[in-house]
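Hello,

Here is the structure I promised to pass on. Please open it first, then read my notes below.

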Amino acid sequence: MTSPALSTFLSRASGLTDGCTEPADCVLALAPLMGDLIEQAESFLEPRHYRGDPARYSRNLVHAAPDGSLSLYVIVWQPGQWTPVHDHGSWGVVGVLAGVLEERSYVRLSPDRGAHSGIELARGGVILLARGAVTSFVPNPDHIHVTGVAAGRPPAVSLHLYGRTMSDFNTYDVAAGTRQRVSVAHNES
Ligand SMILES: [Fe+2]
């Protein structure tokens, strides 16, 4: 059963994004809601949402809108687990529930927003996100990054809201200057 806190969040998020044509406006409106949701997470998250995997970071689905317009996941990160270099092709809002989530950014130097080759990336800055932190991103130009937990740090748990069902994303081969769309697994709720 969906908790009142989660129902309220999803209802507000859906209402905000329905009328939102500019992704930057979407995340501007949604970021405070994510901050509130972090504080209420214990009221709706269940043990299945905290499932981890020793082999890779674990994505546990909380909600996927039937029309594919929104999705919410809990991601569980063990020390030393990282995403590939990727972008989402969507806006997203991330809130940290536990641990320290690290994000390493990349900056695209080549003027090729939609291209899958000839991509020149430069390493950008790093941000450390502790419990209560909210971060967000918007597409076009794509937000390219690596996210994870450094070895030696405690595990991290984070909430991820996206503007589509996040069943695939673009991963980058930085040295080759290419990217490809790949499926990304999750555990059903
Ligand atoms: Fe990401």
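The buried residues of α2 are covered by several elements, including α1 (4-18), β4 (92-98), β7 and β9 (156-162). Keep in mind that this is a predicted model.

Which residues of α2 are buried? They are C26, V27, L30, M34 and L37.

The helix itself covers residues 23-39. Its length checks out: at 1.5 Å a residue, its 17 residues should span 24 Å, and the end C-alpha atoms lie 25 Å apart, which agrees. The helix also has a kink. The kink is about 30° and sits at L30, shortly before the proline P32. L30 is also one of the buried residues of α2.

**The strands next to it**

β4 is one of the elements covering α2. How much of β4 is buried? The strand is mostly covered, with 6 of its 7 residues buried.

β4 pairs with β7 in the antiparallel sense, over 4 bridges. Within that pairing, V93 has S136 in β7 as its bridge partner. β4 also runs antiparallel to β9, and 6 bridges join the two. There, G92 stands opposite Y162 in β9.

**A loop to look at**

Now follow the chain on from β7 (134-137) towards β8 (144-148). P141 is found in the loop between these two strands, and N140 lies in that loop too. What kind of peptide bond joins N140 and P141? The bond is cis, with omega about 5°. For context, most residues other than glycine have a negative phi, and most peptide bonds are trans. N140 counts as exposed because it has 12 C-beta neighbours inside 10 Å, and 12 or fewer is the cut-off.

**The whole chain**

The protein chain has 2 helices and 11 strands. From the N terminus on, the order is α-α-β-β-β-β-β-β-β-β-β-β-β. The radius of gyration is 16 Å, close to the 16 Å that the globule rule gives for 189 residues, so the chain is as compact as a globular protein of that length. Its C-alpha trace spans about 50 × 40 × 25 Å along the principal axes.

Buried residues make up 31% of the 189 residues. Of the contacts with a separation of 6 or more, 75% come from residues 24 or more positions apart.

Best wishes

Methods. Residues are numbered from 1 along each chain as its sequence is written. This is a predicted model: local features need pLDDT of at least 70, side-chain atom pairs count only at pLDDT 80 or more; totals for chains, interfaces and linings use all residues. A residue is buried if 20 or more other C-beta atoms lie within 10 Å of its own, exposed if 12 or fewer, and partly exposed in between; C-beta atoms are placed from the backbone. The expected span of a helix is 1.5 Å times one less than its number of residues. The bend at a residue is the angle between axes fitted to the seven residues ending there and the seven starting there. Two residues are in contact if their C-beta atoms, placed from the backbone, lie within 7 Å. The radius of gyration is taken over C-alpha atoms; the globule rule is 2.2 Å times the number of residues to the power 0.38. Two strands pair if DSSP finds at least two bridges between them.
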